[in-house]
Amino acid sequence: MTDTARTARAGVPERPTLDGIEETWARRWQQDGTYAFDRSKQRSDVYAIDTPPPTVSGELHMGHVFSYTHTDTVARFQRMRGRTVFYPMGWDDNGLPTERRVQNVYGVRPDPALPYDPDWRPPATPVSETARKNPIPISRPNFIELCELLTAEDEQVFEALWRRLGLSVDWSLTYTTIGRLARATSQRAFLRNLARGEAYQAEAPTLWHVGFATAVAQAELEDRERPGAYHRLRFHGPAGREVLIDTTRPELLPACVALVCHPDDERYADLVGSTVRTPVFGVAVPVRAHPLADPDKGTGIAMVCTFGDLTDVTWWRELQLDTRVVIGRDGRLLPEPPAGVPAEPYAALAGQTVNGARRTVVELLADAGDLVGEPRPITHPVKFYERGDRPLEIVSTRQWYLRNGGRDVGLRDELLARGRELRWVPEHMRHRYEHWVGGLTGDWLVSRQRFFGVPVPVWYRLDDAGEPDWSHPLTPAESMLPVDPSSEPPPGYEEAQRGQPGGFVGDPDVLDTWATSSLTPQIVGGWETDPDLFGRVFPMDLRPQGQEIIRTWLFATVVRSHLEHGVLPWRDAVLSGWILDPDRKKMSKSKGNVVTPMALLEQHGADAVRYWAASGKPGMDLAFDPAQIKVGRRLATKLLNASKFALGLGASDALRAPATEPLDTAMLAELSGVVGAATAAFDGYDHTAALMATEAFFWRFCDDYIELVKERAYSPGAGGDSARAALATALSVQLRLFAPVLPFVTEEVWSWWRYGSVHHAPWPTTYEVGRAVQGPGDPELLRLAANALGQVRRAKSERKLSMKADVPLAEALGPAALLDQLTLIADDVRAAGRIAKLDLLPDRTPELVIVCAF
């Protein structure tokens, strides 16, 4: 039995209030299963949402409230349109953000060399700043247990806030990106990528975060302006020729493998193909030409090091240059020089930090007379990991990659075509996708040297010398998943053979968090675990998400679905804008201008906060405005009071009766247009336009129509019956129009006089409204009546009279045709204005004028 069948009418309370309705209805919805997914429905009756799993590593903020409210309005609208809505919630709890939060909260760091200690207990929190700077080393399993403990606590807090906000999620569909199902799904997809040749391992230049000691993918980069300095170095060419280059990284001089100029640069044309010697180290390096060299930058000829930046990597790969790596994973210069670099000058740099080595090299250059002039300060963009606070280095490491079109033109074209198949809201967001895909320079690096994540599900044989066979990884059967190679042996081996010659070693890495999040449709849809469910929800209907993760979450999900299923993972993608502070700056934790939502929800109520959120369209930025939240609170309060008043007039017993009087049919005719506009707006994912149309009508309904008909609605007879019927239809329709945005107050009012939940009531249609109208309905009559009544009110206000003051005589002047229309509604205007006598004087003025005599 559904909640609609068993929820009784509550009756109109004596003093309606918004206080406490969130707790009441959240509890009722959960008890009644109001938002439970009905998996008996066919795919055509299902609307499936690939809900973003928020990162569980801190607090939810108003940006979350903004975008998740938008998604919830879609879910509620589609549910009222008769679809069974598949609306899950996930928690993205693996990866660096969780690890960093655990380290900060408990003052610990993972050490894979330590054994698991079952008796270890975390320190009391909060820990001191000293403890954070000097973390306690604990085993990897102990560290993972702490991650699981903290994320479980965070998830409870997040769920409480989402329930308070009124998200119509089916909480039985909740998942986590580190849970057993997600691990198995992620590993299964990876193994299938490996079997098809889409996943591969390579030793290659890798963007490396020294602080986190892990590789970083291209999609996780951001440029930040940082101070630096150009140093002009003197290289020594043939026949004593000086070759000057400018560099911001003189510490990489021992890693220099070439100088590069533009093919059309006549200044260096005679040098191309020859060699020059590096200052200080005296290493012979070739001079080569490449179109990426900028003749207008510096001296026009650049030093290529392995590796200083991504351009160096491109030159190294395309010009097939030597490799001389000098920076290690710890961010320090390696203890031994690379091949071909003399040991004596290098010894002064060995083991130094990058900044220390830079100072030393500058001193060596100055002593050798090869530093030309003084360093010139500049500000320039530097590559950072988006969540990091230190510049990235490029080191050579062995990593796992997934093909994404970065090195495969055919695959790139296929993924661009997928982007054109997708419906983008707003449409211009598609260009960001195309720009990203078209600009890829390499495949997706999916392995991470971290701990709290989905393990890469492979092992390697060790030869008789104990060296791993990287080219033939050992893989588990899918029935074994999920597996952890760091604690489980591969099939056919014993744990005692781990690390032994002739035995095995597990892959120590975990998968990038996006490698799991890119499979959210498969994880929650039951791919390979629940084929019946998967067939009902996949491909899904909607992916709502932030615009800043088009290049990561959206693109990665398209890649995985294209490779595995040969289809898009969803039909529509709706992108959110930014939340701005009052100074029109983007809110972010790093800027310290975020606002947390719980206090606002407690102070103003969920409907008021949702009203503010719904004021922003998809893809458009919205300023945080407490005044707009207060407007939402007034709207919800007015909805309570106006509904109580209308029901007090007897509207609750007049539903489905016909409206016959001209003013009543006029109001319903206008409402029919609002229904059409709101429906079209929701169909186009424009909840803001739907809300604006509904709200504008509601205030006219309250301020004009109710005032005009309340005297008649109190009266018996046909006129009163018509008014009550019109009020009943209008109230029923407006509650449903507001329901996606204001779920609590609409459910509260609905319960006073209707059975079941408003959120399972059918979405209103123009046919439904038209069926309540007997005879023609002209919306202009309502506007005419409102104009006339407004002039009467203004006349009373100018004389500082009460709105209840009687008007002995009023004259209506205007075009004859207009006054003919006024006669149709004259009785309602007289009653509302308390006019004893209303005379009509045609063709005296070009427009309607009401003159009152007191």
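At 33% relative accessibility, Ala213 counts as partly exposed, the class between buried (under 20% relative accessible area) and exposed (over 50%), computed with a 1.4 Å probe on protein chains only. The model is a predicted one, in which local features need pLDDT of at least 70 and side-chain atom pairs count only at pLDDT 80 or more, while totals for chains, interfaces and linings use all residues. Residues are numbered from 1 along each chain as its sequence is written, and side-chain values use heavy atoms, with hydrogens and water left out.

Ala213 is placed in the loop between β7 (199-209) and β8 (214-215); helices (H or I, at least four residues) and strands (E, at least two) are DSSP runs numbered from the N terminus. The phi of Ala213 is near 55 degrees, a positive value in a residue other than glycine. A positive phi, near 60 degrees, is also found at Ala239, which lies in the loop between β9 and β10. With a relative accessible area of 90%, Ala239 is exposed. Most residues other than glycine have a negative phi, and most peptide bonds are trans. Two cis peptide bonds are described here. The bond from Thr125 to Pro126 is cis, with omega near 0 degrees, and Pro126 belongs to the loop between β4 (108-110) and α5 (129-133). Leu481 and Pro482 are likewise joined by a cis peptide bond, with omega about 0 degrees; Pro482 is located in the loop between β20 and β21.

The loop between β20 (459-461) and β21 (504-506) also holds Trp470. This residue counts as partly exposed, at 34% relative accessibility. When residues up to four places away in sequence are not counted, Trp470 touches Gln201, Arg398 and Tyr460, a contact being defined by heavy atoms within 4.5 Å. Trp470 and Arg232 are 238 residues apart along the chain, and their C-alpha atoms are separated by 43 Å.

Thr520, in helix α14 (residues 520-525), has 0% relative accessibility and therefore counts as buried. Its side chain makes a polar contact of 2.8 Å with the side chain of Asp50. A polar contact is a pair of N or O atoms within 3.5 Å; within protein, one must be able to donate a hydrogen and the other to accept it, and residues adjacent in sequence count only if both atoms are side-chain atoms.

Two helices were compared with their expected spans, taken as 1.5 Å times one less than the number of residues. Helix α6 (residues 140-165) has 26 residues and reaches 37 Å from its first C-alpha to its last, close to the expected 38 Å. Gly166, which follows α6, has a positive phi near 90 degrees. Tyr685, following α20, has a positive phi near 60 degrees.

In soluble globular proteins, nonpolar side chains tend to be buried together. A nonpolar core is here a set of buried Ala, Val, Leu, Ile, Met, Phe, Trp, Tyr and Cys residues joined through side-chain atoms within 4.5 Å. The largest such core has 122 residues, of which Trp162, Trp612 and Leu668 touch the most other members. Helix α21 (residues 687-713) gives the most to this core, with 11 residues. A second, separate core of 40 residues includes Val285, Val287, Tyr346 and Val362. Leaving aside neighbours within four places in sequence, the contacts of Trp612 include Met62, Phe66, Ile579, Leu622 and Phe624.

Voids were located on a 1 Å grid over the protein atoms alone: a cavity is a set of points where a 1.4 Å probe fits but cannot get out, a pocket is an open set with protein on both sides within 12 Å along at least five of seven lines, and lining residues have an atom within 4 Å of a point. The second largest pocket contains about 1600 Å³ of space. Of its 49 lining residues, Thr248, Arg249, Gly308, Asp309 and His380 are the closest to its centre. Elements that each supply at least two residues of this lining include β9 (221-236), α10 (354-368) and β16 (393-402).Volumes are the space filled by probe spheres set on the points, which are joined across faces, edges and corners. The largest cavity has a volume of about 150 Å³, and helix α16 (residues 550-565) gives the largest share of its lining, 4 residues.
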